[in-house]
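My notes follow in the order in which I took them.

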Amino acid sequence: MLKDITLGQYFPGTSILHRADPRTKILLVMAVIIALFVCNEWVPFAVLAVCIVGMVYIARLKLRMVMRGLKPLVFIILFTAVLNLFMTAGGELLWRAGPLSITSAGVNKAALIVVRLILLVVGASLLTYTTSPIQLTDGLERLLSPLKKVHAPVHELAMMMSLALRFIPTLVEETDKIMSAQRARGADFDNGNLLHRAKALVPILVPLFVSAFRRADELATAMECRLYRGDTGRTRLRQLRFGRDDAVCALAAVLFIGGAIVLQIVL
């Protein structure tokens, strides 16, 4: 299960999405997320699904690998779907058992929720799959730069978000190593009731927190040794510039997202 967590991983490539400016990709992901929440009909969802799957194909990512990242979220997705299935009224009654009932409207809404969450995760994951942590930091900082006028710590916020995404794969790998070591010592994480499994996680959480704090201290020391002083006097090897790739990505996204919203209004 831990090996299925791909959030925060960067897969180098030469596709148009990899070459695009990080600011363009951040804005496009935000637009896709907004469109997914605005739309609540199947036809607009189909248009957005084609858009997201098309981006996965253009980025030359394996769809199996992208979908594998959904495994850790299966419980949350199913739990949300079940809640909407039993708590949505209206439509034709399909099943009833005491206070619980399932209607056609509940089935439709539960299915829409599942598709929406899957598209949200895949669309948001594309940002980290095709953008390196350094580019992501620079893009976030440039987008949030107007907040510097009100003395907001823009650079620090962008750096913290980038480091958090960067260390997710590292912490997942560290957790997998600790669990393997504990299993070799006879620990059982798969059997027993919920309380037993929670107690079995204690030997994992303690060394994991120790390792995380140690890595944070080592990172802080390394940044100080390199005379890191935040945004003060900082220069960049690669300057961010909008180019033809950004125009192509933006145009394609506007056509798909705009078409989905128009269909939602019309339908």
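**Second largest pocket.** I listed the residues that line the second largest pocket of this predicted model. They are Pro133, Ile134, Thr137, Asp138, Met159, Ser162, Leu163, Arg166, Leu219, Met223, Tyr228 and Arg234. For the search, a 1 Å grid is laid over the protein atoms alone; a pocket is an open set of points with protein on both sides within 12 Å along at least five of seven lines, and a lining residue has an atom within 4 Å of a point. I noted a volume of about 310 Å³ for the second largest pocket; a volume is the space filled by probe spheres set on the points, which are joined across faces, edges and corners. Helices α7, α8 and α10 each supply at least two residues of this lining. Helices (H or I, at least four residues) and strands (E, at least two) are DSSP runs, numbered from the N terminus. By class I get seven nonpolar, two polar and three charged residues in the lining. Here Ala, Val, Leu, Ile, Met, Phe, Trp, Tyr, Cys and Pro count as nonpolar, Asp, Glu, Lys and Arg as charged, and the others, Gly among them, as polar.

**Ground rules.** I number residues from 1 along each chain as its sequence is written, and side-chain values use heavy atoms, with hydrogens and water left out. As the model is predicted, local features need pLDDT of at least 70 and side-chain atom pairs count only at pLDDT 80 or more, while totals for chains, interfaces and linings use all residues.

**Largest pocket.** The largest pocket has a volume of about 400 Å³. I find 21 residues in its lining, and Gln135, Asp138, Arg238, Gln239 and Leu240 lie nearest the centre. The elements giving two or more residues to this lining are α1 (16-19), α7 (133-143) and α11 (244-266). Its lining divides into five nonpolar, six polar and 10 charged residues.

**Cavities.** How many cavities of 30 Å³ or more are there? I count two by this rule, a cavity being a set of points where a 1.4 Å probe fits but cannot get out. The largest cavity has a volume of about 120 Å³. Leu17, Lys25, Leu28, Val29, Val32, Met55, Gly123, Leu126, Leu127 and Thr130 line it. The lining of the largest cavity has seven nonpolar, two polar and one charged residues.

**α8 and α10.** I next took up the helix pairs. The axes of α8 (residues 154-184) and α10 (residues 202-225) come within 10 Å and cross at roughly 140 degrees. Axes are lines fitted to C-alpha atoms, for helices over the stretch in contact, and angles run from 0 to 180 degrees between N-to-C directions. The angle makes α8 oblique to α10; under 35 degrees counts as roughly parallel, over 145 as roughly antiparallel, 65 to 115 as roughly perpendicular and the rest as oblique. In α8, the residues Leu163, Phe167, Thr170, Leu171, Glu174, Thr175, Ile178, Met179 and Gln182 meet Pro203, Ile204, Pro207, Leu208, Ser211, Ala212, Arg215 and Leu219 in α10. Contact means heavy atoms within 4.5 Å. I sort this contact into 11 nonpolar, four polar and two charged residues.

**α2 and its partners.** Helices α2 and α7 pack at about 75 degrees, with axes 8 Å apart, and are therefore roughly perpendicular to each other. On the α2 side I list Pro22, Arg23, Ile26 and Leu27, and on the α7 side Gln135, Leu136, Gly139, Leu140, Arg142 and Leu143. This contact has six nonpolar, two polar and two charged residues.

For α2 and α11 I have an angle of about 10 degrees and axes 10 Å apart, so the two are roughly parallel to each other. Thr24, Leu28, Ala31, Val32, Ala35 and Val38 of α2 touch Asp246, Cys249, Ala250, Ala253, Ile257 and Gln264 of α11. Nine of these residues are nonpolar, two polar and one charged.

**Ile16.** This residue is found in helix α1. Leaving aside neighbours within four places in sequence, Ile16 is in contact with Ile58, Asp245, Val248 and Cys249.

**Overall.** I count 11 helices and two strands in the protein. Its C-alpha trace spans about 65 × 55 × 40 Å along the principal axes.
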